Amino acid sequence: MKSLLLRALLVLICVAGSVQVSAKNEKGLVGAIKVETPKRPKGQKDVLLLIAPKLDTVRVGFIGVGNRGISAVERWTKIPGAKITAICDLRPELVERAQNTVVKAGMPKAATYDTDENAWKQLCQRDDVDLVYIVTDWIPHAEMARFAMECGKHAVIEVPAAMSMDEIWMLIDTSEKTRKHCMMLENCIYDQFELTALNMTQKGLFGEILNVQGGYIHHLFDRNWPIGKRDWRITYNKLHRGDLYPTHGLGPICQLLNIHRGDRIKTLVSMDTKAVEGSLVWKAMGKADPENFKNGDHTMTFMRTEKGKSILIEHNVMTPRPYNRKYQLTGSRGYANKYPVEEFCFAKEVIANEPEFKGVKINEHDAIPEGIQKVLMEKYMHPIWKELQDVAKKVGGHGGMDYIMDYRLVYCLRNGLPLDMDVYDLAEWCCVVELSRLSIENGCAPVEVPDFTRGAWDKIEGYSHAMAE
Ligand SMILES: NC(=O)c1ccc[n+]([C@@H]2O[C@H](COP(=O)([O-])OP(=O)(O)OC[C@H]3O[C@@H](n4cnc5c(N)ncnc54)[C@H](O)[C@@H]3O)[C@@H](O)[C@H]2O)c1
């Protein structure tokens with residue numbers, strides 16, 4: 001009887017191009033949904049700690065110089081060792097604006113492309129481009145990066161870099177085949193608080209990290225949303241359930257857990273609310289079919305790792321709420337939280353071990369006093385932030401983290417070092433887009449998260465930033 005109940009029936013369902021396999025027992029209970037892990041093609045190997053030949057100057061070509069792209073162009077005019085050689089956008093006036101930025105900075109004019117929606121291919125084919133920097137809307141990201149790598153260029157892509165499992169595997173395979181870097185431009189890993197907490201984690205202040213949380217709570221759309229303003233984004237929300245923007249939340253917390261550097265995310269479960277505001281915003285825009293607005297106003301995704309850690313991320317771009325990336329970590333000996341107030345809590349011995357606080361009494365159920373927090377934040381400031389903070393704050397971009405992201409990218413390429421984020425980070429942080437939808441659409445069933453390294457997730461011991469001698 002028992003064996004009868006437990007007997008699993010394999011059900012094959014085709015979903016959006018990738019094969020979904022789920023196990024059902026006789027009670028109709030669905031086990032974890034498995035998604036296909038394509039076999040690594042013969043002759044290909046992983047790109048963990050990938051090193052590419054050093055570049056003296058990093059010559060960059062930008063595709064997409066809209067809202068986010070123009071600020072990247074501005075930053076790149078201030079990065080040592082960088083040269084902007086090509087610019088592409090569908091809108092000639094935006095290309096002109098970016099060209100003016102380059103010229104105003106005293107740099108030579110860049111080649112420009114604005115004739116049609118495939119003009120970016122010519123940019124990728126140029127001999128004077130080493131790196132293609134992709135800042136378009138989400139849909140063309142992965143294909144542009146694939147083509148750029150096939151043209152022999154490194155590819156970096158704004159968030160989220162890939163919107164489906166098929167796109168993710170395509171990027172992994174192309175990076176492994178071409179031995180070109182493929183990195184997602186996840187800037188939040190360079191925020192001052194996140195970097196400091198990472199440094200404290202690596203120095204053992206929190207003990208063993210057990211639970212981490214993150215998210216993207218940003219009221220992007222309201223009922224007075226002007227028609228035509230970034231329509232692509234709300235249109236994507238109209239058509240898809242799930243967490244469509246998981247990477248700002250997941251990036252920094254995956255680094256705390258050493259994901260694919262000793263641990264890996266194994267299972268995920270997602271739940272969403274109904275789409276109240278989404279539907280009303282869509283209606284206010286005069287668009288058809290508002291009752292079928294798919295993306296829930298608030299989506300939550302829970303994950304568990306191979307080593308028994310848990311993760312919670314949230315997504316809400318619809319309801320009025322203060323901006324919040326929900327960054328939080330719980331370790332066996334301490335705790336850190338970023339929003340709405342930055343605070344820490346530590347076991348007594350952690351504070352007692354800091355020579356500055358000998359004799360200071362703290363308890364373990366209150367945040368540490370502000371004075372102690374200030375000293376600790378200063379003492380454990382990440383070396384990268386310490387080195388770059390002055391110029392980063394001056395150049396700007398989300399308080400300086402955008403500049404540090406671009407600076408580190410150029411620094412690693414010039415020194416022939418592995419980048420701070422690899423294509424497997426991209427995969428782990430983006431896979432939530434499709435896998436959360438799969439979970440939600442199947443009654444919030446658990447989904448098995450693939451090992452994107454295909455067997456090498458514990459080859460590297462812990463996350464670290466590469467540094468030149
Ligand atoms: N990391 C962050 O903090 C952050 C912040 C904002 C936006 N983003 C990301 O940046 C990306 C762009 O967002 P945005 O707000 O700048 O959007 P946007 O609409 O302002 O800009 C996108 C640009 O891409 C161009 N484009 C689209 N298809 C093209 C093609 N085939 N060839 C050439 N150009 C093309 C468009 O004309 C447009 O100018 C998105 O992925 C978004 O999620 C990231």
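Domain 2 (58-187) and domain 3 (189-381 + 423-448) both contribute residues to the shell around the ligand, so the ligand lies between these two domains. Since the model is a predicted one, the values given here should be read as properties of that prediction. The ligand sits in the largest pocket, where 25 residues surround it, and the closest of them are Arg68, Asp89, Trp138, Val159 and Trp232. Two helices, α2 (67-76) and α5 (141-150), each supply at least two residues of this shell.

| Residue and part | Ligand atom | Distance |
|---|---|---|
| Val159, backbone N or O atom | oxygen | 2.7 Å |
| Glu158, polar side-chain atom | nitrogen | 3.2 Å |
| His141, side-chain N or O atom | oxygen | 3.4 Å |

On its own the ligand has 850 Å² of accessible area, and the protein covers 89% of this area.

Val159, which has a backbone atom in contact with the ligand, is also joined to Pro160 by a cis peptide bond, whose omega is about -25 degrees. Pro160 itself is placed in the loop that runs between strand β8 (154-157) and helix α6 (165-178).

Another cis peptide bond leads from Tyr339 to Pro340, and its omega is near -10 degrees; here Pro340 belongs to the loop between the strands β15 (334-337) and β16 (343-346).

A further backbone detail concerns Arg179, which is a residue other than glycine and yet has a positive phi, with a value near 60 degrees. Arg179 is found in the loop between α6 and β9 (182-184).

Terms used: Residues are numbered from 1 along each chain as its sequence is written. This is a predicted model: local features need pLDDT of at least 70, side-chain atom pairs count only at pLDDT 80 or more; totals for chains, interfaces and linings use all residues. Side-chain values use heavy atoms; hydrogens and water are left out. A residue is near a molecule or strand if one of its heavy atoms lies within 4 Å of it. A polar contact is a pair of N or O atoms within 3.5 Å; within protein, one must be able to donate a hydrogen and the other to accept it, and residues adjacent in sequence count only if both atoms are side-chain atoms. Accessible areas come from the Shrake-Rupley method with a 1.4 Å probe; for residues, only the protein chains shown count as cover. On a 1 Å grid over the protein atoms alone, a cavity is a set of points where a 1.4 Å probe fits but cannot get out, and a pocket is an open set with protein on both sides within 12 Å along at least five of seven lines; lining residues have an atom within 4 Å of a point. A molecule sits in a cavity or pocket if more than half of its atoms lie within 2 Å of its grid points. Helices (H or I, at least four residues) and strands (E, at least two) are DSSP runs, numbered from the N terminus. Domain bounds come from an automatic or database domain assignment.
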